[in-house]
Amino acid sequence: MQDSTTKNIKEDFFLIGPLGFEESFQNEIAKLQPWILGSDSRPTSHGIDIVKVRKGGLELKAPKLEGFQLVHHLKTPVRILWRWKSKKLSHVAELKSYIRSLRSTEIYEGPLKVIVSSRQSRLNNEKMIERVFEEEWKFIDDNADQALYVDVYNDQFTLSWDLCGDPLYKRSWAPEKGQAPIRENLAHLLLQDLTVDFTGPELAQMTLLDPMMGSGTFLAEALAWNRPNLERKFSYQNLKGLPSLLKIHWWTNLSLPQVGLFESYVGFDIDPEMILKAQKNLSFFKIGNVCLKKQNILHEPTLKLNQDQTLMICNPPYGERLAVDSIEKLIGAALQYHKPLKALFVWPEGRFFEFPGYESKKIRSFSQGGIPVQVVVFSRFG
Ligand SMILES: C[S@@+](CC[C@H](N)C(=O)[O-])C[C@H]1O[C@@H](n2cnc3c(N)ncnc32)[C@H](O)[C@@H]1O
């Protein structure tokens, strides 16, 4: 239990996410501040400080209560760690006696897995470090639910508790998956890229269209925009000494806005099985105007949308795992038939297409299911 002298001490957290999106993690944290509660269940005055931006992550400082709440709110990272101990060690004997001296059971009782990464250190053998943990702590089990991350850099050993369990892109909603789905945190990040130039009120009058939606990941993330993840289990809930507020359903004190990012959500797919999957996934939200239709994007659409109020986002089949005649033909038809104000597409790195009436800009590259891909945004002239 926290007392008044310790509760506002800031602790260290580490947010891990996809490389190249560090600025987006910062934007998400900045927008989040009014949602994080203090011990009186009111918005906290003890903010979350971004201490350092690293490749693929952020170092943060926050009181334990505030830091632990991040796992429910943040949609862009993969994992959040809570730093526990840190010490410089360069010999095996030192490592052994250090591990022996640590009382992990003060934080967590039960089987534990250790995940070691070591660089530029005298103790550089990750397998050997794991073995030392196994010898000194009898409760190490590779199949355990709770993980302790051990990061070794320049001989500095930093031990951090995983607060998440399953990665954060595993949401509690949208369990149905199609072929080659995009990860939920990437879908959220790409929606940020698509909408960055629009105000909230403008988006609230617009339609999001995914013309090849698969199981509807982009639409689900846009519907879930204002919704913290309150349903699934996170591993921090099994740690000892949780701040009192986190032992109850603290979120009943948040009155959640019953709105997504857009006014309406339209999804097409050629495959009727995908329509059923997307319907199941999106029925969870019970908000917004949602319209899902079987439609071959190469054919004249049966549904006409207001071009000036439509944004498009799509991860078309690449022809790697899903057969496709030509990405260019699919995207060209989607733009020609719907003429959205702006459209974002993800396709394999190294290819480039231009379309009449649109200017294009490659905004980033990343790896999607092991395939190097690029993200291109098209803006309509006029
Ligand atoms: C890579 S998947 C989309 C995955 C989706 N972003 C998700 O996360 O589930 C591509 C989808 O395009 C659909 N598709 C392929 N050709 C199409 C066409 N001509 N018209 C409409 N949909 C098509 C496929 O059925 C498949 O579901």
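This is a predicted model: local features need pLDDT of at least 70, side-chain atom pairs count only at pLDDT 80 or more; totals for chains, interfaces and linings use all residues.
**Helix H8**

H8 spans residues 272-282. Its buried residues are Met274, Ile275, Lys277, Ala278, Asn281 and Leu282. Seen down the helix axis, they fall within an arc of 165°, so they line one face of H8. An α-helix has 3.6 residues a turn, so residues three or four places apart point the same way. The face turned away from the buried side of H8 carries the exposed residues Pro272 and Glu273.

**Ligand shell**

The ligand is surrounded by 23 residues. Pro181, Met212, Gly214, Thr217 and Ile297 are the closest. By class, the shell has 15 nonpolar, 6 polar and 2 charged residues.

**Nonpolar core**

The largest nonpolar core has 88 residues. Leu163, Leu190, Leu219, Ala222 and Ile313 have the most contacts inside it. Helix H5 (residues 184-195) gives this core its largest share, 6 residues. Why does the core lie between two domains? Domain 1 (10-162) and domain 2 (184-225 + 260-380) both give residues to the core, so it lies between them.

Leu163 deserves a separate look. Leaving out residues up to four places away in sequence, Leu163 touches Phe68, Val71, Ile80, Leu81, Trp82, Phe234, Ser235 and Tyr236.

Key: Residues are numbered from 1 along each chain as its sequence is written. A residue is buried if 20 or more other C-beta atoms lie within 10 Å of its own, exposed if 12 or fewer, and partly exposed in between; C-beta atoms are placed from the backbone. Helices (H or I, at least four residues) and strands (E, at least two) are DSSP runs, numbered from the N terminus. The arc is that of the directions from the helix axis to the C-beta atoms. A residue is near a molecule or strand if its C-beta atom, placed from the backbone, lies within 6 Å of it. Ala, Val, Leu, Ile, Met, Phe, Trp, Tyr, Cys and Pro count as nonpolar, Asp, Glu, Lys and Arg as charged, and the others, Gly among them, as polar. A nonpolar core is a set of buried Ala, Val, Leu, Ile, Met, Phe, Trp, Tyr and Cys residues joined through C-beta atoms within 7 Å. Domain bounds come from an automatic or database domain assignment. Two residues are in contact if their C-beta atoms, placed from the backbone, lie within 7 Å.
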